[in-house]
Amino acid sequence: MSDEDVPYSRLSRRRRANSPAGTKKRRDVWVTAEEEAALIAKAARQKVTVPNLLLTAALSEGSESPTERRAAMAELMAIHTLLARVSNNVNQIARHANAGDEFPQDAKAALAYVREVAMRIDRTIEGLM
């Protein structure tokens, strides 16, 4: 029985098919020992080779670049700052209302909501890092 006659499972780990034109370019990537270990572990989890992992990650349209990730984090931090300013204004309104006889019931709820949104933004930023 030759290698061509051996049935392969559709889920088996095989190398990519050869390109008809052959390999055009070779790229060498230098990594630290820690980065190499992380690459090997991630490739093993995904059941692909490290070069395949790097190639699919680099050419994937769905993933974001580090620049896009930094821009998203900067935008979230700007929104967090804006929420902090709004919550400060709500606190001032509550302080002013407490000085008088009437206290707006929605001021306390608004402040709690602003704090909840700020915590969600913080968790999102931590998840992006």
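Accessible areas are calculated by the Shrake-Rupley method with a 1.4 Å probe, and for residues only the protein chains shown count as cover. By this method the protein chain has an accessible surface of about 11400 Å², and carbon and sulfur atoms account for 55% of that surface.

The model is predicted: local features need pLDDT of at least 70, side-chain atom pairs count only at pLDDT 80 or more, and totals for chains, interfaces and linings use all residues. Residues are numbered from 1 along each chain as its sequence is written, and side-chain values use heavy atoms, with hydrogens and water left out.

**Overall make-up**

The protein chain contains four helices and zero strands. Helices (H or I, at least four residues) and strands (E, at least two) are DSSP runs, numbered from the N terminus. Read from the N terminus on, the order of elements is α-α-α-α. The chain has 129 residues, and 14% of them count as buried. Buried means under 20% relative accessible area, exposed over 50%, and partly exposed in between (1.4 Å probe, protein chains only). A contact means heavy atoms within 4.5 Å. Among contacts between residues at least 6 apart in sequence, 61% join residues at least 24 apart.

Helix α1 covers residues 33-46, which is 14 residues. The expected span of a helix is 1.5 Å times one less than its number of residues. For α1 this gives 20 Å, and the end C-alpha atoms are 20 Å apart, so the two values agree.

Just after α1 comes Lys47, with a positive phi of about 55°. Lys47 has this positive phi although it is not a glycine. Lys47 lies in the loop between α1 and α2.

Helix α2 (residues 50-59) packs against α1 at an angle of about 85°, and the axes are 9 Å apart. Here axes are lines fitted to C-alpha atoms, for helices over the stretch in contact, and angles run from 0 to 180 degrees between N-to-C directions. The two helices are therefore roughly perpendicular to each other, a term for angles of 65 to 115 degrees. On the α1 side, the contact is made by Leu39, Ile40, Lys42, Ala43 and Gln46; on the α2 side, by Val50, Leu53 and Leu54. These residues divide into six nonpolar, one polar and one charged. Ala, Val, Leu, Ile, Met, Phe, Trp, Tyr, Cys and Pro count as nonpolar, Asp, Glu, Lys and Arg as charged, and the others, Gly among them, as polar.

**Helices α3 and α4**

Asn89 belongs to helix α3 (residues 66-99). Gln105 is part of helix α4 (residues 105-128). Gln105 and Ala94 are eleven residues apart along the chain, and their C-alpha atoms are separated by 9.3 Å.

| Residue | Relative accessibility | Class |
|---|---|---|
| Asn89 | 43% | partly exposed |
| Lys47 | 62% | exposed |
| Gln105 | 66% | exposed |

Technical notes:
Parallel < 35°, antiparallel > 145°, perpendicular 65-115°, else oblique.
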